[in-house]
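I opened this entry to record what I looked up about strand pairing, helix packing and the nonpolar core.

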Amino acid sequence: MQFPEEVLGAVGLTEMIVRPGDTSVALGIGDLPIVAPSQLINLMEHAAILSLDLYLEAGQTTIPVSTEFLSLSPASIGAELRATSRVISVEDKELTFECEVYEHDRQIAAAQIKRSAVERVSFLARTAALNLMSDSPNH
């Protein structure tokens, strides 16, 4: 599974409005009603996935490999956030994305996300087999 050179520079964009359930308080990871880091990462991952819409073949998808995340500024309930991603590197099946989250002109977060391309059906079959093996009484 190789990506064409044209995938370099591909961009994705997604948006969200911060709701009470998106906060650190609601997720139990802090005591401030600000957007939780996991929600910011999810937003950037979604932008990364969207940037590949034109390049994935039928049956292909990508899975997360790693995320380097920087929280730069808080965002509160009601904030309108915009995430962008751009493919900055392709090595075999692995893609690297440069991602950012903004509230208007203020940068909220940044990340470098790596995702790996997989064939959906064979990946799910391998995952199911691994689960069956780990559930067997001999393991």
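Before reading off any bridge partner, I noted the rule that two strands count as paired if DSSP finds at least two bridges between them. I also kept in mind that this is a predicted model.

Sheet. I looked up the strand order first, and found an open sheet of 5 strands arranged β1-β3-β4-β5-β2, with antiparallel pairing. The edge strands, each of which pairs on one side only, are β1 (11-17) and β2 (60-71). From one strand to the next, I noted a twist that averages 25°.

I then turned to β4 (residues 94-103) and β5 (residues 106-119), which pair in the antiparallel sense over 10 bridges. Within this pairing I checked Glu103, and its bridge partner in β5 is Arg106.

Helices. Helix α2 (residues 37-51) packs on the sheet and touches β1, β2, β3 (80-91), β4 and β5, while its direction makes about 145° with that of β1. Helix α3 (residues 120-135) also packs on the sheet, where I found it touching β2 and β5, with its direction at about 85° to that of β5.

Core. Which residues have the most contacts inside the largest nonpolar core? I found Met44, Leu81, Phe97 and Val101, in a core of 26 residues. The elements that give two or more residues to this core are α2, β3, β4 and β5.

Phe97. Finally I listed the contacts of Phe97, leaving out residues up to four places away in sequence; among them are Ala48, Leu52, Val87, Ile88, Ala111 and Ile113, and also Ser51, Arg86 and Gln112.

Methods
Residues are numbered from 1 along each chain as its sequence is written. This is a predicted model: local features need pLDDT of at least 70, side-chain atom pairs count only at pLDDT 80 or more; totals for chains, interfaces and linings use all residues. Side-chain values use heavy atoms; hydrogens and water are left out. Helices (H or I, at least four residues) and strands (E, at least two) are DSSP runs, numbered from the N terminus. Axes are lines fitted to C-alpha atoms, for helices over the stretch in contact, and angles run from 0 to 180 degrees between N-to-C directions. Contact means heavy atoms within 4.5 Å. A nonpolar core is a set of buried Ala, Val, Leu, Ile, Met, Phe, Trp, Tyr and Cys residues joined through side-chain atoms within 4.5 Å. Buried means under 20% relative accessible area, exposed over 50%, partly exposed in between (1.4 Å probe, protein chains only).
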